[in-house]
Amino acid sequence: MRVSAVLILLVLSILGHALLARWLLGSFAALRKRRRLVLAIVAVLSLLPTLFRALTWVTHASFATALFSFAILEFATVLLSAIPLAFITLGGAAVARVTENTSEPPDAARPVSRREAIERIAGVSAIGATGLALGWGMVRGRHAFVLEEVVVRVPNWPRALDGYVIAQISDIHVGAFVGDRELDEGFELVRRARPDLLVATGDLVDFVASEVDPLARRLAMFGARDGAFAIVGNHDHYAGPGEVTRRLRAAGVRVLCNEGVPIRAGDGGGFALLGVDDLQARRRPAQGFPGPDLSRALLQVREDMPRILLAHQPEYFHEASGRVSLQLSGHTHGGQINPGFSPARLVMNYVQGRYQSNGSVLWVNRGFGVAGPPSRIGAPPEVTRIVLVS
């Protein structure tokens with residue numbers, strides 16, 4: 001998976017920087033005399049995110065993380081500016097064909113044309129605004145934790161457990177951009193939630209299994225009355241789900257993989273907590289992790305118990321709705337980068353918040369951490385306080 005991630009990053013970076021070079025050479029006549037130098041610089045910039053990503057995997061050093069932070073932010077700025085730059089470049093070329101004499105070769109000494117002036121101003125504005133937004137999202141946005149509270153009415157919920165509180169965290173991505181500071185910020189909100197049960201719904205690490213240890217310690221030591229439970233997500237599969245699970249269990253965290261356990265069975269019958277493997281395993285199964293199997297989990301609990309399901313990817317709701325009372329998921333980061341609208345909604349059915357189908361409720365948590373650029377815009381990191389009532 002690391003090889004695939006590197007290749008995707010490299011291809012997107014090359015395409016984005018190629019468009020940047022096209023805009024620079026088309027909008028600034030002076031740069032056209034230094035065409036080779038411009039292309040060389042842009043080519044190097046296009047390679048840096050991939051090189052520094054690999055460096056963080058190999059060294060796990062803070063300097064590598066810092067280098068990757070700057071490289072991935074520059075890449076994200078270029079990529080998010082690609083659409084306006086494309087329109088600016090194509091629009092400018094169309095205007096030039098109609099209004100300007102293009103038979104003469106461009107000359108750096110000639111006056112700047114109206115078309116070039118518009119392209120410059122528009123392009124610089126697009127890149128500058130994108131860079132400022134991503135910078136704010138890195139410095140402030142990814143630390144602006146929010147405690148979201150949602151009340152869910154559950155059929156046949158035991159009156160003895162009316163007001164039962166589950167705290168959900170998700171998509172922590174411990175690694176290059178999430179360390180002790182971010183974990184402490186998030187767990188402060190978990191403490192404020194005062195949960196009876198704490199659950200972590202996958203993508204606990206970014207790409208390295210051993211980095212789950214500080215999260216595992218916090219989960220185990222939190223001291224919720226009914227303990228801490230976790231499931232694995234797609235990034236945990238990339239890191240090695242067996243090793244991630246082993247480390248969590250060694251710390252005292254219960255990891256559910258197609259399992260069901262009764263909670264508070266002595267209080268009016270209690271409820272069933274279910275956890276399934278991630279959908280990633282259907283494409284690349286690992287030993288002991290065959291993919292989600294809700295039917296297997298249900299066999300381990302009484303049929304009359306209310307059912308709370310932990311499933312990392314909200315798309316699993318298509319299979320689980322009607323079979324559980326509530327599904328808790330993450331995976332989407334709430335879109336993570338929402339520049340006035342949510343691009344994620346163009347490709348995802350469930351992005352953030354509450355959904356209902358077939359008598360079941362789905363809650364999609366925006367998560368703790370980041371994937372790709374270490375920035376959040378319009379999708380603050382979230383801890384969810386779920387209150388279950390009869």
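**Entry 1: salt bridges overall.** I searched the whole structure and got 19 salt bridges. I count one when a side-chain nitrogen of Lys or Arg is within 4 Å of a carboxyl oxygen of Asp or Glu.

**Entry 2: ground rules.** This is a predicted model, where local features need pLDDT of at least 70 and side-chain atom pairs count only at pLDDT 80 or more, while totals for chains, interfaces and linings use all residues. Residues are numbered from 1 along each chain as its sequence is written, and side-chain values use heavy atoms, with hydrogens and water left out.

Entry 3: I looked at E243 and found a salt bridge with R246, the closest N and O atoms being 2.8 Å apart. Both residues sit in helix α10, three residues apart, about one turn of the helix. Helices here are DSSP runs (H or I, at least four residues), strands are runs of E (at least two), and numbering goes from the N terminus. E243 is partly exposed because its relative accessibility is 30%, and R246 is partly exposed at 47%. My cut-offs: buried is under 20% relative accessible area, exposed is over 50%, and partly exposed is in between (1.4 Å probe, protein chains only).

**Entry 4: a pair from strand to helix.** E259 forms a salt bridge with R249, with 3.7 Å between the closest N and O atoms. This one links distant parts of the chain: E259 is in strand β6 (residues 259-263) and R249 in helix α10, ten residues apart. Buried or exposed, I wondered about E259? E259 is buried, with a relative accessible area of 18%, whereas R249 is partly exposed at 44%.

**Entry 5: a network.** D267 forms a salt bridge with R264, the closest N and O atoms being 3.4 Å apart. Salt bridges that share partners join D196, D226, R264 and D267 into one network. R264 is buried at 15% relative accessible area, and D267 is partly exposed at 25%.

**Entry 6: α8 against α10.** The axes of helix α8 (residues 213-221) and helix α10 (residues 241-251) come within 9 Å and cross at roughly 35 degrees. Axes are lines fitted to C-alpha atoms, for helices over the stretch in contact, and angles run from 0 to 180 degrees between N-to-C directions. Which residues meet? On the α8 side I listed D213, A216, L219 and A220, facing R247, L248 and A251 in α10; contact means heavy atoms within 4.5 Å. The contact residues divide into five nonpolar, no polar and two charged.

Conventions: Ala, Val, Leu, Ile, Met, Phe, Trp, Tyr, Cys and Pro count as nonpolar, Asp, Glu, Lys and Arg as charged, and the others, Gly among them, as polar.
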